[in-house]
Amino acid sequence: MSVESRQGRPRASSRETLAEAACELFLEQGYEATSVADITARAGVSRSSFFNYFASKHDVLWAGIDDAIAALEQRLRRAPDGAAEALLAFADGLTPDSLALAIANDEAMGAVADLQRESTARAARIGAAVTGALRVTGWAPLRAQVIGAAYGSAVLAAVERWARDGSGRTALADRLREALAFVAAMPGATAIRGDLT
């Protein structure tokens with residue numbers, strides 16, 4: 001027996017299968033009416049398999065963004081003075097996925113409130129990472145927090161605009177650069193403009 005057959009589907013394949021099944025169900029019966037059990041039944045995997053990949057059903061939609069945030073946090077810890085480069089690299093590897101589909105169909109899925117809540121939490125996480133990097137490089141606490149929060153919001157606004165424009169039609173990197181440039185143009189943000197303007 002091969003290692004793969006003993007362990008089931010490859011990790012990425014199961015994760016993608018679950019995300020696809022979840023989006024189908026969200027469109028068919030609505031976000032709130034869809035349970036983890038519904039998703040696992042549609043995907044043909046066990047409930048425990050679901051929780052190997054996701055903590056909850058909303059994490060199905062946010063897995064790619066959460067991975068990108070973790071990479072951003074690592075970049076900023078390694079090079080706190082490289083905030084501009086780290087923010088621009090956020091789009092690396094992000095492709096149209098279940099989140100983009102959910103944003104574009106948020107009303108049809110009945111997921112508007114959940115997407116707003118989860119987007120706010122992730123913007124705050126990005127903002128905290130940028131704030132921490134700015135503080136390490138000597139920024140005053142309030143200035144760092146305001147600018148960090150603005151960058152966190154800009155990243156999530158770019159993701160939303162990219163999805164609503166038709167995520168396959170425009171590059172996320174272009175939307176991200178545009179949103180980050182707005183923040184870089186704010187008074188007090190000049191020290192991290194870098195390549196953002």
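The structure holds 15 salt bridges, a salt bridge being a side-chain nitrogen of Lys or Arg within 4 Å of a carboxyl oxygen of Asp or Glu. This is a predicted model, in which local features need pLDDT of at least 70 and side-chain atom pairs count only at pLDDT 80 or more, while totals for chains, interfaces and linings use all residues. Residues are numbered from 1 along each chain as its sequence is written, and side-chain values use heavy atoms, with hydrogens and water left out.

**Exercise 1.** Describe the salt bridge between Asp114 and Arg117, and state whether each residue is buried or exposed or partly exposed.

*Solution.* Begin with the distance: the side chains of Asp114 and Arg117 meet with N to O at 2.2 Å. Next, consider the helix, since Asp114 and Arg117 are three residues apart in helix α9 (residues 112-136) and are therefore separated by about one helical turn; helices here are DSSP runs of H or I with at least four residues, numbered from the N terminus. Finally, turn to accessibility, where buried means under 20% relative accessible area, exposed over 50%, and partly exposed in between, with a 1.4 Å probe and protein chains only. Asp114 is buried at 4%, whereas Arg117, at 49%, is partly exposed.

**Exercise 2.** Carry out the steps of the previous exercise for Arg122 and Glu118.

*Solution.* The salt bridge between the side chains of Arg122 and Glu118 has an N to O distance of 2.5 Å. Both residues belong to helix α9, where a spacing of four residues separates them by about one helical turn. Arg122 has a relative accessible area of 7% and is buried, and Glu118, at 8%, is buried as well.

**Exercise 3.** Where is Ile69 found, and which residues is Ile69 in contact with, leaving aside neighbours within four places in sequence?

*Solution.* Ile69 is found in helix α5 (residues 57-78) and is buried, with 0% relative accessibility. With those neighbours left aside, Ile69 is in contact (heavy atoms within 4.5 Å) with Phe90, Arg122, Arg125 and Ile126.

Note on methods:
Helices (H or I, at least four residues) and strands (E, at least two) are DSSP runs, numbered from the N terminus.
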